[in-house]
Amino acid sequence: MTFGFAPSSAASLSTSSTRADMSADSANQLARMLEPAEWAAAGIPLLRNPREVVSGLHARHRPRPQTAVVAVLDTEERLRASASFSRRASAADGWVFRNALLTHLRRVIPHDLRRRTPARTAVLLYCREGDAHWTEEDGAWMWGLRDACTLHGLRCGAYITMTRDGWQVLGEGRGGRRPSLGSTPEAYEGTSEPPLPRAGGAASEVLRRAAAR
């Protein structure tokens with residue numbers, strides 16, 4: 001004689017609900033990314049000298065694989081503040097990336113939300129393995145950068161990837177072989193951050209933390 005147990009309706013509903021939640025989460029992650037065509041159509045300002053910016057950030061932060069470097073530039077493309085951090089092992093989700101970028105921006109530079117028009121621009125350099133072609137991970141970083149800039153009162157700037165083959169400004173077709181992931185940082189002073197003010201206070205404390213990074 002064989003005995004069997006039919007799955008309860010509650011168990012079936014629970015399984016269906018879990019699958020639906022997973023499917024919805026995957027759909028949300030796909031919605032929180034930008035494809036190259038969407039990025040190109042967003043009117044992202046071009047960097048006048050992308051190699052200067054990339055070389056300066058590479059020399060300052062010496063990033064390793066899965067390291068993101070977010071930098072804020074003024075209207076003259078001088079570096080005002082920057083921060084680097086490692087990506088946590090999780091799915092490529094623009095919402096997660098946005099929160100990480102926003103957290104580090106808030107630590108290194110005051111927001112510009114009171115301005116009608118953003119005066120400063122944030123750019124993102126992300127170092128990863130693989131080639132320079134766009135990936136869904138890149139799309140999630142693009143979405144995260146755009147949203148973080150909106151919430152911090154900044155203009156959304158270039159998204160740059162760096163691999164062992166060199167660097168590439170996605171959506172522009174500009175790039176170079178040096179610096180690259182793992183290469184020796186070049187001695188470059190073109191993007192030095194401003195000197196600290198003599199006066200004390202909250203503003204000087206923010207700039208001290210920015211310079212320390």
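Student: Which element supplies the largest share of the lining of the largest pocket?

Tutor: Here is the general idea: rolling a probe the size of a water molecule over the atoms shows where empty space is left. In this predicted model, helix α4 gives the largest share of that lining, 6 residues. Both β2 and α4 supply at least two lining residues each. The pocket has a volume of about 250 Å³, and its lining includes Phe85, Arg88, Phe97, His104 and Trp141.

Student: Let's stay with α4. Which of its residues are buried?

Tutor: An α-helix has 3.6 residues a turn, so residues three or four places apart point the same way. In α4 the buried residues are Gly94, Phe97, Arg98, Leu101, Leu102, His104, Leu105 and Val108. Phe97 and His104 also belong to the pocket lining.

Student: Which residues have the most contacts inside the largest nonpolar core?

Tutor: They are Trp39, Leu101, Leu124, Trp141, Leu145 and Tyr159, in a core of 30 residues. At least two residues each come from β1, β2, α4, β3, α5 and β4, with α5 giving the largest share, 7 residues. Beyond its neighbours within four places in sequence, Leu124 is in contact with Leu101, Trp141, Leu145 and Tyr159, among others. A second, separate core has 17 residues, including Val53 and Met162.

Note on methods. Residues numbered from 1 in each chain as written. Predicted model: local features only at pLDDT ≥ 70, side-chain atom pairs only at ≥ 80, totals over all residues. Heavy atoms only, no water. Buried < 20%, exposed > 50% of the residue type's maximum accessible area, 1.4 Å probe, protein only. Helix = DSSP H or I, 4+ residues; strand = E, 2+ residues; numbered from the N terminus. Core = buried A, V, L, I, M, F, W, Y, C linked by side-chain atoms within 4.5 Å. Contact = heavy atoms within 4.5 Å. 1 Å grid on protein atoms, 1.4 Å probe; cavity = no way out; pocket = protein on both sides within 12 Å on 5 of 7 lines; lining within 4 Å. Points joined across faces, edges and corners; volume = space filled by probe spheres on them.
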